[in-house]
Amino acid sequence: MVDIGTLSLILLLAMFALLAIGMPLGFASAFLAVVTLVLKFDVDILFNTFGRGPFAVLGQAVYRQMVNYVLISVPLFIFMASLLERTGIAKDMYSSLNLWLSRTRGGIAFVTSIMAVIMAAMSGIIGGEVVLLGLIALPQMLRLGYNQNLAIGTICASGSLGTMIPPSIVLIFYGLVTETSIKALFTASFLPGFMLASFFIVYIFIRTRISPEMAPLPEENPDDPRGSEKGLMFLGFLSRFGMWVVAVLLVRNLFLTAFGMNRIVEGVEPIMLGMVADIPYLIGAFILFTVTMVFVVGKERTAKGWEMGKGLIAPTVVIGVVLGSIYGGITGITEAAGMGVVAVFIISLARGEMTFDIVWDSLMRTLRSTGTIIWVTIGAAALAAAYTLAGGPTYVANMIMAADLPTMGIILVMMFIFLIMGMFMDWVGIVLLIMPVFLPIVLRLPVEEIGLLGELDPRHVAVWFGVVFCMNMQVSFLSPPFGPAAFYLKSVAPAHISLTDIFKGFLPFIAIQLIALSVLLIWPPIVSIFL
């Protein structure tokens, strides 16, 4: 029987060796799970007690992961992202954003970052966003003479925002493994996610002002609106869209009122914007939008603004369906994912873009992606269970605590381990293998010593650590040598752009991600502002 310290070292070296020779993470984890049990409990368990004892615990651990209802949301979100990529919804969104920002230096880079945020809020899938932005934005930026490193970094860093911005699949898996409220994780990650996106945009703004040659302005079109005229058109578009949204909410409210479905019941949360008391406010908002559209902007400007901005409507509707149904208390995460798929499908049908080939190709992509995630989940769950049986979490916890480091020192060691593991391993494996070891340690730390500014509520420690973990995984998507974003972009980039060029473009954006991670570590209560 091998002692747990030696066993931990063997597992660490064996994992890197198996990954280095190209063995898939799921199979490597499952193989090492068996090795762990054999080294800890003797080879006889393979023959004399097979299917019982330690192996039964492994089977139960895998079964618990596979039958979790929320896991169904993963293929649904992947399917939704595939449909968005194949239909023209994303392209029209890019075109509309580009019209509004076409005369801004670095405008296409801004458009790319904003589009990535919207795509992240629709599906939470990383690979599809990077590929889509690589197909749409990269040729446009290179054609206009944008600096190659700026273009590459913007696409890959922004395209990875699905890690942080709800409905993030990384957050879903973290919630499943740690039994943390996924809705609370989504709420807590809003501000850090948009903070990171704003850091990217601010960097692009400053960089293109310092070095204007990095983002040349496109040739001016005399027919394009300028200055205040464009601003009024955008106001007209927002007013018209707001009028329609308020009209739908008002009809919904009146329907609920007519059938007595919005009565105040003790112990039941009121329906968001669906109570009788909300009707005057909805009517007031409808009148305000109408007056702005007709008398402030003018019908002609509003019509032109609507034509320029209509590509943003479909994505906004999808975001409203997915996140609105979750935060409105209408559905859970899984049902919201299904509603998002239906919304994308109906919108694509109405636009005449949905075909059997698109559906079939999207289903095949979903099957391949989900299959990979499921196998990694099975293998990592088995290895985590085997290592737990061998006493691994207790050994690691005691080793870290025995180091006699201050609270923030322990957390920084964990951050370093996350960053190193993220360079070589898929995030699913890290969640399943590392989180059951680290989170109990964090929960035992003095909460008043976590961070430097403000004090974190003890109820939110697990949520904060989940958001911090996602920020680490955001870095891992760009980290060499196995940064997934680089390979996603390489698959659609022009032949003259090498992997080395792509990783060079990442460097400033990795620094920005580390700054955002530092903000979370220094000021932990940032995650609980909306909780």
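Among contacts in the protein chain between residues at least 6 apart in sequence, what percentage join residues at least 24 apart? The figure is 77%. Keep that in mind as you turn the model, which is predicted.

**Stop 1: the whole chain**

Show the chain as a cartoon. You will find 22 helices and 0 strands. The radius of gyration is 25 Å, close to the 24 Å that the globule rule gives for 531 residues, so the chain is as compact as a globular protein of that length. Along the principal axes, the C-alpha atoms fill a box of roughly 80 × 65 × 55 Å.

The accessible surface comes to about 23500 Å². Carbon and sulfur atoms account for 69% of that surface. Buried residues make up 52% of the 531 residues.

Colour by charge next. The chain has 27 positive and 29 negative charges. Their mean positions are 8 Å apart.

**Stop 2: two cysteines**

A disulfide is a covalent bond between the sulfur atoms of two cysteines. How many disulfides does the count come to? It comes to 0. The cysteine sulfur closest to that of Cys-156 belongs to Cys-470, and it is 19 Å away, too far for a bond. To count as a disulfide, the sulfur atoms must be within 2.5 Å. Cys-470 is likewise in no disulfide.

Are these cysteines buried or exposed? Cys-156 is buried, because its relative accessibility is 0%. Cys-470 is buried too, also at 0%. The cut-off for buried is under 20%.

**Stop 3: a buried asparagine**

Go to helix α11, residues 227-258, and pick Asn-253. Its relative accessibility is 0%, so Asn-253 counts as buried. Show what surrounds this side chain. Leaving out residues up to four places away in sequence, Asn-253 touches Asn-262, Leu-273, Gly-274, Met-275, Val-276, Asp-278, Ile-279 and Leu-282.

**Stop 4: a cis peptide bond**

Move to the loop between α8 (148-159) and α9 (169-178), where Pro-167 is found. Zoom in on the link between Pro-166 and Pro-167. What kind of peptide bond joins them? The bond is cis, with omega at about 5°.

**Stop 5: two glutamates in loops**

Step on to Glu-179, in the loop between α9 and α10 (182-210). Check the backbone here. Phi of Glu-179 is near 55°, a positive value in a residue other than glycine. Glu-179 counts as exposed because its relative accessibility is 74%.

Next, select Glu-219, in the loop between α10 and α11. Glu-219 is exposed as well, with a relative accessible area of 79%. How far apart are Glu-219 and Ser-102 in space? The gap is 9.7 Å, although 117 residues separate them in sequence.

**Stop 6: a partly exposed leucine**

Finish at Leu-412, in helix α18 (residues 407-424). Its relative accessibility is 48%, so Leu-412 counts as partly exposed. Exposed would need over 50%.

Note on methods: Residues numbered from 1 in each chain as written. Predicted model: local features only at pLDDT ≥ 70, side-chain atom pairs only at ≥ 80, totals over all residues. Heavy atoms only, no water. Helix = DSSP H or I, 4+ residues; strand = E, 2+ residues; numbered from the N terminus. Rg over C-alpha atoms; globule rule 2.2 N^0.38 Å. Buried < 20%, exposed > 50% of the residue type's maximum accessible area, 1.4 Å probe, protein only. Contact = heavy atoms within 4.5 Å. Areas by Shrake-Rupley, 256 points an atom, 1.4 Å probe, with all protein chains shown as cover. Lys, Arg positive; Asp, Glu negative; His and termini not counted. Charge placed at Lys NZ, Arg CZ, Asp CG, Glu CD.
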